Amino acid sequence: MLQVSLYRYSPESDEAPRMQDFRVDTAGKDLMVLDVLELVKSQLDSSVAYRRSCREGVCGSDGLNMNGKNGLACITPLSEVVRKGKLVIRPLPGLPVIRDLVVDMTLFYAQYEKVEPYLQNDETPPEIERLQTPEDREKLDGLYECILCACCSTSCPSFWWNPDRFIGPAGLLQSYRFLADSRDTATEERLSKLEDPFSVFRCHGIQNCASVCPKGLNPTKAIGHIKSMLLSNSN
Amino acid sequence: MNVTSFSRSGVSDWILQRASSVIMLAYSLAVASVVIPGTNYEVWSAFMTQVWMRSFSTLALIAMIAHAWIGLWGVLTDYVTVRMLGSLGDRLRFCLLFFMVALLILYLVWGIFIIWGL
Amino acid sequence: MKDGRPVNLDISTMKLPITAWASISHRVSGILTIPIVALFLWALQVSLESRDSFQILQDTLSPPLTKAFILLVLTVYVYHLLAGLKHLIMDLGYGETFEGGVIGAKLLFASTGLAFILIGWWLW
Amino acid sequence: MSDLRTMSFDGVIVGGGGAGMRAALQLSKSGYNTAVISKVFPTRSHTVSAQGGITCAIASDDPDDDWRWHMYDTVKGSDYIGDQDAIEYMCSVGPEAIFELEHMGLPFSRTESGRIYQRPFGGQSKNFGEGGQAARTCAAADRTGHALLHTLYQNNIKNETVFFNEWFAVDLVRNQSGAIVGVIAICIETGEVVFVKAKATVFATGGAGRIYASTTNAHINTGDGIGMALRAGFPVQDIEMWQFHPTGIHGAGTLVTEGCRGEGGYLINKDGERFMERYAPNAKDLAGRDVVARSMVMEIIEGRGCGPDEDHVFLKLDHLGEQVLQTRLPGICELSKTFAHADPVKEPIPVVPTCHYMMGGIPTNVHGQVITTDTSGNDSIVPGLYACGEAACVSVHGANRLGGNSLLDLVVFGRASGLFIESALRDGIEVAEPTSSDIEDACNRLNKVNECSEGEKSSDLRKELQNIMQNHFGVFRNGQYMREGIEKLVDLRPRIYGARLDDNSQQFNTARIENLELQNLFEVAEATAVVAEGREESRGAHAREDFQDRDDENWLCHSMYYPTDRKVGKRGVNFTPQTVDTFQPKIRTY
């Protein structure tokens with residue numbers, strides 16, 4: 001039996017959030033945390049709300065705070081998080097809670113959109129694809145794989161305090177994904193939108209982002225590259 | 001919010017923060033190199049009143065002012081905001097920032113008096 | 001954002017990596033350094049005024065309790081310097097991996113501990 | 001309920017996966033007021049899980065590659081019930097659609113000359129089957145679907161498509177003349193029910209792999225579009241054709257791309273034998289998916305399965321070396337370690353055929369227009385309704401889809417739907433307003449779901465449904481056993497439509513959404529079951545023990561399932577491509 005403590009909040013019936021304990025029979029298996037949530041919802045309380053989709057760590061739906069650390073429930077085995085037979089699941093920190101484990105990600109997505117996360121190239125494209133050397137393509141590795149799960153940004157104190165002004169690790173990782181793309185020609189314009197004291201420079205190298213990223217990506221490093229580009233750009 | 005930042009630009013603030021820290025680091029080492037082995041009034045006073053050391057002290061003082069301003073501005077715009085404290089946030093932050101700037105100017109004037117023995 | 005929605009931001013429920021503690025204490029030590037600067041300025045003033053006042057300063061600073069206080073003050077200041085140094089090194093592109101950051105934070109705490117001992121040894 | 005808020009658009013796309021977002025992009029680019037209704041944030045759609053790539057003759061790996069060769073492979077792969085005009089369209093327009101994606105920023109892997117990297121996939125040949133294995137699948141490492149989906153979302157942001165994220169479409173709204181004029185949708189966050197009115201309604205709702213207990217599909221793949229179409233009385237086509245992917249991770253069901261075998265991996269049984277050499281001497285592990293999946297099941301049935309229960313086989317990759325695995329298949333290495341506790345660099349991955357793809361769906365023409373048949377069996381267009389992607393059956397996959405063709409399908413026909421609607425809107429679309437009773441009709445089901453305070457738990461019913469489908473309608477099928485399955489489904493229908501809803505709250509009520517989804521799953525499952533029992537032959541993915549041969553005399557045709565009387569019908573396959581000669585049905589060997 002696993003003791004599972006869930007953060008519950010229903011806007012229609014709760015004044016304030018509360019923790020609710022469940023005892024879940026895992027049959028001694030090293031399930032994923034998402035499997036445990038599915039057990040709670042199917043057997044104990046169908047009103048528990050959480051997001052899930054691919055259940056294999058690529059869609060980014062089920063970012064949660066499990067025993068104090070952000071991660072994807074579907075690829076986090078119990079053996080990795082459970083301490084003393086107990087599992088505490090809370091919603092991602094710092095964003096408003098809609099209900100139970102579901103947070104309002106509007107601010108997170110807004111910061112993503114702010115970096116204009118799409119290729120910009122005004123030149124007429126060729127008949128076939130634009131050519132890119134394998135070396136140039138390699139620069140996108142570690143950047144394009146982001147699944148927008150928000151584990152990083154919601155573990156970042158700078159994002160907690162200024163989610164409307166600091167772009168946050170996820171948005172900045174995507175910002176650099178386009179700055180680093182040999183096919184993108186909007187580098188100057190992109191950089192000029194990042195020069196203010198908040199967008200990039202709220203990053204203090206805390207590295208919570210890199211410590212929680214379920215895809216093993218490193219926003220801190222990408223932000224370092226952006227800072228370097230901003231420096232050489234301002235000279 | 002940017003209006004009260006030191007240089008109003010993230011890039012320049014960032015460079016200033018780094019440059020000032022290097023100056024203060026060097027200055028701290030210089031002072032430590034005299035203080036640590038043990039010193040007396042004559043040696044200490046002779047060291048500190050050389051023109052280059054007086055200039056260095058002044059530079060370090062200014063670096064400290066800039067460094068503290070940028071650092072504190074960051075702290076205040078993190079915690080003392082409308083988001084964190086409600087509508088009071090902005091006014092309280094301006095008050096605190098004003099107080100900090102006044103204190104830093106006081107440090108500056110005081111420091112210059114000390115350094116140049118006025 | 002709809003008003004009235006709660007936010008899960010109870011730091012006591014969170015497990016933060018060592019890099020976060022390094023960063024938080026960097027900030028705290030920075031804030032503490034502001035009043036410390038006043039102490040430094042005062043000490044500088046008194047030490048330079050005259051031979052007598054230099055002596056008075058030395059006497060004032062010699063009781064064990066005062067020494068302990070100075071030890072703390074200097075350690076806070078040194079911590080802030082070292083943490084800043086770590087930042088500068090990271091800016092140069094070293095230790096940007098999370099593992100690198102962890103090593104950096106451990107080195108920072110270890111060297112601050114060492115500095116604490118050395119300062120204490122020097123004071124006494 | 002006629003006091004519902006109405007929101008009006010030129011085009012509304014239900015589904016924010018690859019097909020939906022490609023269609024939306026086409027429309028919003030041309031300035032039409034376009035909305036996407038997606039029950040998840042678009043980049044969480046199932047397209048994101050596609051790994052290996054997108055098959056298309058862009059002549060990068062082989063400068064002489066020809067889309068006609070790709071067409072030949074696809075027709076053969078379909079076991080000859082893919083429509084040749086549609087396949088011709090897909091294969092010939094494909095390169096243009098791929099280059100557009102690259103221009104939009106899709107981070108394809110590259111060759112030394114800087115072109116898009118292509119890898120070999122199953123069922124690919126050069127020179128109409130005469131020139132050996134081809135490498136035609138364009139890839140972004142093993143995250144092609146992810147790269148594709150994010151690129152499409154990004155470009156929709158750029159073109160200011162309106163997104164209704166975490167909105168769930170419940171049912172179609174039809175006016176008095178029978179035209180589709182939009183959908184009823186719930187905002188999951190607030191619980192508000194809205195009539196979304198549109199001159200064109202596009203279903204891009206994806207597959208329904210969750211009808212099976214073991215599936216590579218996401219939790220969200222519940223066949224919502226198919227359910228809505230069937231409830232509105234529209235037929236579905238070839239719905240018995242379900243692809244079982246040869247390599248789902250044993251136990252977890254997560255997909256391991258065919259690209260693994262394309263890069264040189266192969267399957268072994270418990271004796272370490274590369275058994276595909278026996279079943280498909282030429283193509284071996286790169287035979288059609290149906291062939292490989294059946295061969296694996298044969299090995300297991302004959303006692304050569306691996307593991308303590310001898311219930312799976314192994315996919316061997318370690319001989320490829322760490323370098324290749326890390327650059328070409330990094331995601332697979334991650335997945336295998338997480339779900340199979342096996343590091344492919346050192347040990348093989350335990351795999352088993354797993355439900356993967358719905359070849360059938362809502363019948364459409366190449367413009368995405370939904371087709372129904374009138375009483376005399378002639379095709380007619382359903383005004384106002386379009387479908388594309390996995391939800392649609394154009395049909396380019398026939399009885400068996402080739403790997404890498406699903407992404408091409410969704411891009412090409414998402415785009416084609418958008419292009420067609422664009423021109424239709426330019427010509428002007430006149431729609432009669434629905435009456436308040438039309439809208440009320442569409443709200444019926446939702447109202448009933450909300451009122452169910454008794455009945456069984458939907459999670460139990462879902463499990464029961466999935467087990468029936470898994471046991472009675474799996475890789476190998478048998479008439480007697482299928483009839484038993486159908487009886488069980490007959491018993492299950494009222495229980496599912498009467499499933500209990502304990503949670504009556506409005507905001508983010510996922511229990512209610514799951515009950516609605518379960519009904520959609522049931523509609524797809526029942527259609528599958530009835531037609532699978534009806535098609536008395538073996539073709540492509542549909543393998544019957546009691547009718548082991550392909551029967552071109554009687555069944556070289558599409559199946560149609562008519563929901564009103566739950567009857568099976570037939571519809572002719574298109575054998576008249578416009579620019580090439582017809583590919584005549586042949587015995588299919590690899």
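Predicted model: local features only at pLDDT ≥ 70, side-chain atom pairs only at ≥ 80, totals over all residues.
Chain B and chain D, in contrast, do not touch, and their nearest C-alpha atoms are 23 Å apart.

The interface of chain A and chain D involves 58 residues from chain A and 61 residues from chain D. About 5,000 Å² is buried between the two chains, and carbon and sulfur atoms account for 50% of this area. On the side of chain A, the residues that lose the most area to chain D are Arg55(A), Glu56(A) and Glu129(A), which together make up 14% of what that side buries. Seven salt bridges are found across the interface of chain A and chain D. One of the residues named above, Glu129(A), forms a salt bridge with Arg115(D), with the closest N and O atoms 2.8 Å apart. Polar contacts between chain A and chain D number 38 residue pairs, with both residues at pLDDT 80 or more. Two or more residues of the side of chain A that touches chain D come from each of α1 (33–44), β6, α3 (106–114), α4 (134–138) and α6 (168–179) of chain A. Of these elements, α1(A) gives the most, with five residues. Sorted by class, this side of chain A has 31 nonpolar, ten polar and 17 charged residues.

The contact between chain B and chain A takes 16 residues from chain B and 17 residues from chain A. The area buried between these two chains is about 1,400 Å², with 65% of it given by carbon and sulfur atoms. Val11(B), Trp14(B) and Arg83(B) supply 39% of the area that chain B buries against chain A, more than any other three residues. Two salt bridges are found across the interface of chain B and chain A. In a salt bridge between Asp78(B) and Arg202(A), the N to O distance is 2.7 Å. Seven residue pairs, both residues at pLDDT 80 or more, are in polar contact between chain B and chain A. On the side of chain B that touches chain A, at least two residues come from each of α1 (10–35), α3 (51–79) and α4 (82–85) of chain B. The largest share, five residues, is supplied by α3(B). By class, this side of chain B consists of seven nonpolar, six polar and three charged residues.

Within chain D, four strands form an open sheet with antiparallel pairing, in the order β11-β14-β13-β12. Strands β11 (242–249) and β12 (266–268) of chain D stand at the edges with a single partner strand each, so one side of each has no neighbour in the sheet. On average, neighbouring strands of this sheet are turned by 50° against each other, direction ignored. Strand β13 (residues 313–316) and strand β14 (residues 349–358) of chain D run antiparallel and are joined by three bridges. Val313(D) stands opposite Val351(D) in β14(D).

Two features of the backbone were also noted. Most residues other than glycine have a negative phi, and most peptide bonds are trans. Asp100(A), which is not a glycine, has a positive phi of about 45°. This residue, Asp100(A), lies in the loop between β6 (97–99) and β7 (102–103) of chain A. In chain D, Val394(D) and Ser395(D) are joined by a cis peptide bond with an omega of about 5°. Ser395(D) is located in the loop between β18 (392–393) and α11 (405–427) of chain D.

Technical notes. Residues numbered from 1 in each chain as written. Chains lettered and ligands numbered in written order. Heavy atoms only, no water. Contact = heavy atoms within 4.5 Å. Buried area = accessible area lost by both parts, 1.4 Å probe. Salt bridge = Lys/Arg side-chain N within 4 Å of Asp/Glu carboxyl O. Polar contact = N/O pair within 3.5 Å; in protein donor to acceptor, adjacent residues only side chain to side chain. Nonpolar A, V, L, I, M, F, W, Y, C, P; charged D, E, K, R; others polar. Pairing = 2+ DSSP bridges. Axes fitted to C-alpha atoms, helices over the stretch in contact; angles between N-to-C directions.
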